[in-house]
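Hi there,

Here is the structure I promised to pass on. Have a look at it first, and my notes on its pockets follow below.

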Amino acid sequence: MPKIVDADDRRELVADAVFAVILQQGLAQASLRNVAAQAGLALGSVRHYFDNQAELMEFAFRVNSERIHLRALDALEILEQHVLPRDPAAVVDKCARVLEELLPLDDLRRSEAVVHMEFMLAARTDNNLQNAARDDYRATGAVVGRVVLALLGSGLMAGSPEPVDEAERLIAVLDGLGLRLVLQPAWATPKQGRTTLRRHLESLLAP
């Protein structure tokens, strides 16, 4: 009997090959031919699942974004299942654990962050990637917004914060940390990234 190939699994295999090429050579080298070679497939096999380069790149971008955000959503679900304690240190730690899934704090997340940055930069001028980029922004905003709402629900935040403003500030902190952790690893270490994130969250709470 002929071997049955799961189309979704094969498409994800090709996406993983895209990520490997990007990590080794950059997004500009992620041609169908190079990706096929990386995946150990014939070029025709890749074309069977993707009509063209643009379709493959958008799919790979969405897979990258989904993997990052699904981990954060899993952590967020755990956070939202329980009433946050009145202990500020515990609140900061629980919220930080969600947001850390969006930061390159280990080899897997660093690799994903490198790929993500390449796609986001390309989306600035590539119309085929712009919808995926907008969806990625929304996904990050949804995660961060729910963390801010959890902080508000704890009753520990200082003053009368505007949730949207606080979410935007927190996204800016995450973006800055992510960029430094990827581009300046000699100065920005994972330990430093965790500490900076927690200090920002602590600054949102009443003394």
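A word on terms before the notes: helices here are DSSP runs of at least four residues, numbered from the N terminus. Please also keep in mind that this is a predicted model.

Let me start with the second largest pocket, which has a volume of about 160 Å³. Its lining is made up of Ala75, Ile78, Leu79, His82, Val83, Leu84, Asp93, Lys94, Arg97 and Val98. Two elements, H4 and helix H5 (88-99), each give two or more residues to that lining. H5 provides the largest share, with 4 residues. Sorted by class, the lining of this pocket has 6 nonpolar residues, 1 polar and 3 charged.

Now for the largest pocket, which holds about 540 Å³ of space. It is lined by 24 residues, and those closest to its centre are Leu102, His116, Met117, Leu174 and Asp175. Which helices supply at least two residues each to this lining? They are H4 (53-81), H6 (107-123), H7 (127-154) and H8 (163-183). Among these, H6 makes the largest contribution, 7 residues.

Methods:
Residues are numbered from 1 along each chain as its sequence is written. This is a predicted model: local features need pLDDT of at least 70, side-chain atom pairs count only at pLDDT 80 or more; totals for chains, interfaces and linings use all residues. Side-chain values use heavy atoms; hydrogens and water are left out. On a 1 Å grid over the protein atoms alone, a cavity is a set of points where a 1.4 Å probe fits but cannot get out, and a pocket is an open set with protein on both sides within 12 Å along at least five of seven lines; lining residues have an atom within 4 Å of a point. Grid points are joined across faces, edges and corners, and a volume is the space filled by probe spheres set on the points. Ala, Val, Leu, Ile, Met, Phe, Trp, Tyr, Cys and Pro count as nonpolar, Asp, Glu, Lys and Arg as charged, and the others, Gly among them, as polar.
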